[in-house]
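Hello,

Here is the structure I promised to pass on to you. Have a look at it first, and then read on for my notes.

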Amino acid sequence: MPVSKSVGARIKRREDPRLIQGLATYVDDIQMPGMCYVTFVRSPYAHAIIKSIDASAATDLEGVVAVITGEDVKDVGGVPCAATDFPNVQVPHHPVLATGKVRFVGEPVAAIVATKRYTAHDAVDLVEVDYDPLEAVASGEAALKDDAVKIHDTDTNLAFTWDLEGGDVEGALKSADRVVKERFVHQRLAPNPIEPRGVAADYNAGDDQLTLWSSTQIPHILRTQIGLMLGIPENRVRVIAPEVGGGFGCKLNVYAEEAVLGFLARKLRRPVKWMEGRRESFLHTIHGRDQVGDVEVAVQNDGTITALKYTVVADMGAYYQLLSPAIPTLTGLMLCGCYRFKNVAMHLRAAFTNKMATDAYRGAGRPEATYMVERIVDCVADELGVDPLEIRRKNFIANDAFPYETGTGLAYDSGNYTGALDKALKMADYDGLRKKQAEMREQGRYLGIGLSTYAEICGMGPSTAMPAGGWESGTVRVDPTGKVTVLTGIKPHGQGQETTFAQLIADGLGVEVDDVKILHGDTDTVQYGTGTFGSRGTAVGGTAMIMAMEKVKAKVKRIAAHLLEANADDIELKDNRYIVRGHPEQGVSLTDVSLHSHRGINLPPDTEPGLAEAHFFEPTNFTFPFGTHIAVVEIDANTGEIDIQRYVAVDDVGNIINPMIVEGQIHGGIAQGLGQALYEEVIYDESGQMMTGSFMDYALPKAHNFPRFELDNTVTPSPVNPMGVKGVGEAGTIGSTPAIVNAVVDALKPFGVRNIDMPLRPEKLWRLMNGGASS
Amino acid sequence: MIPNTFDYHAPKTLKKAISLLNEHEDAKILAGGHSLIPLMKLRFASPAVVIDIGRVSGISRIKIADGQIHIGALTTHHAIASNARLRRVCAALPETALEIGDAQVRNRGTLGGSVVHADPAADWPATMLALRAEFEVGGPSGTRTISAGDFFVDMMTTSIQDGEILSQIRIPVPPANTGSAYAKIHQSASGFAIAGVAAQITLDGSGNISAAGVAVTGVAPIAYVASAVESALIGNSPDEATLTSAAALAANDASDANEDLHASGEYRKHLATVLAGRALTSAAERATS
């Protein structure tokens, strides 16, 4: 798509004024007469039998309307999982309130409804639950041992297995000049959007209509699932996702609280609301990562890597959430990274543990792949004694090889890996940095340079490759007076599509950006859609909208041609006017056409009145963004402190609609990826107690932790959609984590260090630099 | 924040605040709220009565008079960090203040609130000990003064008695040829000190160290004076060798070492020596400039 006046422009986000001025409506802003407040009694034990629940003291508290337990909701369906088609799979029932047993700390056991929010919180301590604590298991590998306590009263904690094999891995390993091995730990992370989850529900008995407001990325899927869980027809449920204050994947889910609130609104015939506290968010909003894997690569002496084998245990937590089992399989799909690995295999064992479920967190399975691949490439360079750059160049998929069929069965759409690499090397002055590193080592100073040359999967995705539909929907409506309303099936929550979509429509239909309204998130307003996740909003949702817009535009041209007494093929859009080619003086505006079409007389033959079209877009493939990130760090040997001196990133996300929004996504992504590398870790102790349940102990990255990011891009359009966009939501997160770890390991090379587990706490580095082992 | 129910009082005078505190059994003083509110939010603290001293007049001023720096207990970290006179007279004070939390925390949090909370990883206790501060405490029977050395008793415990309120902190105005500094390594989540060292050095006419105050926070259950460091400095020239060898003793006076998710005791003790070196170097430079 050519860059015209709006597309490609650095237009400020139209969403921001309302967000900055406090004018946005979040779930907690929903107030209704007679609204009650809900709190949850949650398990303090990782694993225990519930002997009895005495809610009488809570029920007696003035202002408490109801207390319900698992018994009361036994007819409510379990929390759903959409991805269970795996070998050896166990799909345990996941009750919305625990019955009989609790299986992780924070599991909801009872719900309290009170007329006041404070009363609802006061009543939590008054519900007496008599527990009989059981032994707990808090790591995936421990859970798979024969003698481990069993979580679901079956004879194994094995949740499922999954094997992926392309080519002849064992053969390549046998015939390799050498085999390089390493073990990588992808620690558990908490997504932590600024706005935690929240749900409000209201039942209108007269209309037999349940309205559920939820801070969710997937209002339509949630509506379907709530209807199924509560056993009510889907058209009697309306889900509204109002302003959503961030999600990072954790709101790509269906949670127990959503069903319980819907149940309560119907049962009590009163509006109810629950807002998650930060502590609850740590305990009972899905976590990300938590994989431990051993990788082996077959290497020729010239640096060619001929095979990669990844044997991994993924920790599911106690129950599945919506997509839990699917996440580590995404790791498998991206085993090749941006390399020509023809022989690849992944052997996955997923385990149940007494912890919160893992599921999609920004990157969702791909960061694990990228980290493992980019780290092992550095290990190979280390063993061969060559610069990590050489191994990358040696194994890159060639620029003329696209579309490229990977050993994991994917077809990479387009790529130019050396283009992004060369640009980043030049920006960073890579050769100069290596010289400086050598000089500083002479002085006993430890500079490290880390490369990450990543490729990832975006634009999710073809329905055939997704646990549910992968398509997306869009409607474009032109009002009689020529203003445009778009109904999109995605649910933006920080990605800025109210701006970028308006830019696309403005150019496409010949109106101003301010003439376009983008509606999303209300299932009674917007046609069914899939939602926002997997960097799909623009690549898939945007394409659906563009296709609908093209239908509108074709009709506009027919009507314009009719009005101008010309042939529709001769109508072109110029300066917001539909003109007869070569005769700019003869033209009509979108408003002229729309008024005419809505008046409904003197239309061209076989033309319906009105002006609105819908489109459901099914992508034929994923898209595959890529890039090179370079981190430069200096480590203080005296303290292990890491000084990030420079951070260079060249990302290729295809065509760019709004460079400012793309940069914003990259900035946030890098910060979040560095958060994993340096700071973040959800820690459960051996008894399954969470040790990092607040921001006093769970460290998020902060702006002052980072230098100014030096960004640039290359542009390799995707052939998968007409805009040539790839998606940018997760690229920064996926690319950055290995760059920083590679830099720190590189800095510590003089100490014989080859691997350090994340997060790279200064004490670990200090120990490695002072003769100790990393702990 | 959804805390337990509590009664709220906002007295305008210290006298009224003290009498309210003595009238109610389960009462807590609210100053800047940066220790109490988080505890109440999590319902780890659930006082029946909260006495908000935010409107008490006369206890949020910084004044230098009679050879003393007087800092009202309600003075915010930001007020200390941004006080130009303090930067010249006693650099460790604004330097410590600037290491606390973030701008929002510094705008609300108070010196008095921080020291009475006595968090083992708070920044102020080290600086108070190194600068030999005194704490003026009001109670039902009048006012008394507690030296910093007697003030910090144990983790989260000071020698302030029930019914007493800290009103003012007094620090001797440093003599000529004195420099002070604070050095810290942050815990990456909370921003509190994994370790922090405050140091003050005074030089005599011949350029030797005639007085030294060095104290450490974050490392042990309570902040402590690093007496071994101080002794090693006195009488010596503030050269690199002296400062380095003295700094190496910074963990000697630690009663015990804090251990948690973020750092081992061994690492904390090591950091005390590194940070003592940084703080002493900086203090010595300021003493000679």
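How many residues does the contact take from chain B, and how many from chain A? Chain B gives 14 residues and chain A gives 18 residues. Please keep in mind that this is a predicted model.

On the side of chain B that touches chain A, helix H12 (residues 265–288) of chain B provides the largest share, with three residues. Sorted by kind, the residues on that side of chain B are nine nonpolar, five polar and no charged.

Chain B itself is divided into three parts: domain 1 (7–52), domain 2 (62–121 + 131–172) and domain 3 (178–288). Taken over C-alpha atoms, the centres of domain 1 of chain B and domain 3 of chain B are separated by 35 Å.

Now to a sheet in chain A. Four strands of chain A form an open sheet in the order E18-E26-E27-E28, and their pairing is mixed. Strand E18 (446–455) and strand E28 (709–713) of chain A are the edge strands, each pairing on one side only. From one strand to the next, the twist averages 10 degrees. Helix H13 (residues 430–442) of chain A packs on this sheet, where it touches E18 and strand E26 (626–635) of chain A. The direction of H13 makes about 150 degrees with that of E18(A).

Best wishes

How values were computed:
Residues numbered from 1 in each chain as written. Chains lettered and ligands numbered in written order. Predicted model: local features only at pLDDT ≥ 70, side-chain atom pairs only at ≥ 80, totals over all residues. Pairing = 2+ DSSP bridges. Helix = DSSP H or I, 4+ residues; strand = E, 2+ residues; numbered from the N terminus. Axes fitted to C-alpha atoms, helices over the stretch in contact; angles between N-to-C directions. Contact = placed C-beta atoms within 7 Å. Nonpolar A, V, L, I, M, F, W, Y, C, P; charged D, E, K, R; others polar. Domains from an automatic or database assignment.
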